[in-house]
Amino acid sequence: MPLVPSFTLKLDDGILPGLVVVGKYDGTHPCLTAATSGGKVFIHDPFASTTDPGANDARASRVRYLNINKEITSLAAGAIDPASPNRDLLLVGSATDVLAYDVEENKDAFFKEAPDGANAVVCGKIGSEARTLALVGGNCSILGFDHEGEEAYWTVSGDNVNAMTLADVDGDGLNELFVCGDDFTIRLFRDEEVVSEITESERVINVCHLKGERFGYALANGTVGVYDGTQRQWRVKSKNQVTALCAYDLDGDGERELVIGWSSGLVAVRNESDGELVYKDTFDASIAAFAMADYRMDGTTDLIACAVDGEVRGYRSQAGQIETGDRAAGAGAGGGATAAAEEEPPKKKNLLVELNSYERNAAAAESGATSLTSAAAGAIPRDTDVVSELEMNEELGGGELVLSTNNDAVIKAVNMYGEGVFEEEARFVYFPNPKTTARVFIRPPRDICADVSIKVLVSARMSSVYHVFELEFTLPKFCMYARLNAPVATPSGSVSFRLPGVNARRMATWIDDAFNTNVTDIVQGPDDDFECGFVSLRDGRPTLIDATFDDATRGGADAGGTVTLRTDDMDLAGDIVQELCAVVGVTDLESTCDFPEDMERFRETLREVDERNADRARLAAEVADGANLVKSYIIRAEDARILRDMDTMMRMYNELMDVNRELIAEHNKRAENHQALLAALRRTNQMIQRAAKLRCGGAKTRIVSACRAAIKANNVHALFNLIQFGVVD
């Protein structure tokens, strides 16, 4: 159904995508705040006085500007100052720093450098932290600043942070933090600890909380969906890009819908439970962002949609504001028909075709025409079934999904879909010479546990009538590692840890499920020690697992086993540790590790960070000297102009041109140095995350905090001990 806005605005300034907030900077009146071109932020106050004699019209007098003079990457508003709990501060993030600005007092609350950048900023309380913080997501890290700009929170994320949102997921009165980034992962943080992770098939660019454990997400490839905990409820995909996402109760039923803004200018409202399209509206330009506020101060919170051309529309949760019934049928573009009405005819047609096919096959079966060689009948036996099995092949560098029928019916084509499993969106394979068994090559680019939806087209050998069998196949997370059958050189990297309460059979069962193998065949008893090895079908590197277990008669809470993973892939070791702990129920795990190659690269990275920081300080000093020369030459040139000394004036301007050329060159050097520093800091944060993933629970959180303290203290020795042994000394 089309939406009818409750109010509209047309601002003179364009709006940058994703950079819109509403703040009460005086503690009372909501102000629409957005970033615009030229490094500026404009603030629209609908309740400002319109009697300003310097303003050309009433609308102009309601808009103020804040010059940031650098590219703005994030924007937020929040009451982080406990001395003014009702007044919001404006948070402006850039690639190098964060500014907290007091709009009412026209002064900076604090200005802090953010070496990792500020891609996303949210304000609120997280976990057990009693203070309201400005949480800044950047280059693989999340920083939290209090009202004075002091660091009060820090943790690492997997990659560049794209969006964050705070919400009380478990209903305990404490906020958790949703974080999404370039590593295709949505993480939920409780304090500094990651309590859940969901890996998607593409970069996650936005996330919003709906209710409880339910949240919406958007991907860079145009996919939008909803998760309930770690279970996906629904998803849809468009050729357009998602530019905004929020949750708002438009129909007034007490349940918030998922509101999606698209690059095409469409505002789509979908039911959070099943994804049904319920309302829509269209702008002339791409949607920039959504905000929610009582913008007219009449006691009702409005949904505010902003387009990049400066158009603003407000919607409210009242039945009278939403067109329904016959009135809606002719109100919107294209007749205003609902999505359900548009989809009904093709659905009905497809169902009728399917029903007619079943009736023909049933009639053929009753008449006795069940021969699989009868092209006219096209029927297959009623007991026909299709089974699936995964076989890994080291020579092929991947696996084959083997599909077979239980009789003489042949497989003519297969269509498979699985997020993150195929390089293409879906894989369709046609077999020109169909047989009862079909093999489809499969090579997941990453280690993910994915559900593959399979549609198999089965028919009699000479028939042109297909019967579709739908299958679901769960791809094991580490299926791209084949069982080693011959001795190999022992990898130099390793991680060792103790698993309390886990016996040999439980460990072997997990390996079989995760690696698609049969290790349980070599385990006779619950306390049998065993070794097994795997080779990566991607790069050929081996991974060895050595497990020793306590005597079964020992019993007690400490009974269990000690596991040593030997691999040169530190990321793989962390993934195995996390998956194992999640499956066997280990909530706190300490470990010791030794990855000499990674540690040597990390040492080089830390050395590069020191060098780049030193270069940054030197280049900043040189630029400051150049700026002083510019001032001097301008003053001397102006004095010469006043004295009509044209020769001196021209000489000063020539000198000024030379200095300006040098300053531009120095700026390019600074920009290059800054990008290299960001890359080094990113590798540093990723190394801390790798070390944390080798632990679980409280041990994981302690490692992150201790590594951060060691880096701030520039204690490299302590940092290396923390990564390897989990302790300083």
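The dialogue below turns to aromatic rings and their surroundings.

Tutor: This is a predicted model, in which local features need pLDDT of at least 70, side-chain atom pairs count only at pLDDT 80 or more, and totals for chains, interfaces and linings use all residues. Residues are numbered from 1 along each chain as its sequence is written, and side-chain values use heavy atoms, leaving out hydrogens and water.

Student: How many aromatic pairs does the structure hold?

Tutor: A pair of aromatic rings is described by the distance of the centres and the angle of the planes. Rings of Phe, Tyr and Trp (its six-membered ring) pair if their centres lie within 6.5 Å; planes under 30 degrees apart count as stacked, over 60 as edge-to-face and the rest as tilted. The structure holds 12 such pairs. In one of them, Phe110 and Phe145 have ring centres 6.1 Å apart and planes at 45°, so this pair is tilted. Phe110 belongs to strand S9 (residues 107-113) and Phe145 to strand S12 (residues 139-145), 35 residues apart. Strands are DSSP runs of E, at least two residues, numbered from the N terminus.

Student: Is Phe145 buried or exposed?

Tutor: Buried means under 20% relative accessible area, exposed over 50%, and partly exposed in between (1.4 Å probe, protein chains only). Phe145 is buried at 3%, and Phe110 is buried at 6%.

Student: Which geometry do Phe215 and Tyr227 form?

Tutor: Phe215 and Tyr227 are stacked, 5.7 Å centre to centre with 20° between the planes. Phe215 lies in strand S18 (residues 214-219) and Tyr227 in strand S19 (residues 223-228), so the pair ties together parts 12 residues apart in sequence.

Key: Helices (H or I, at least four residues) and strands (E, at least two) are DSSP runs, numbered from the N terminus.
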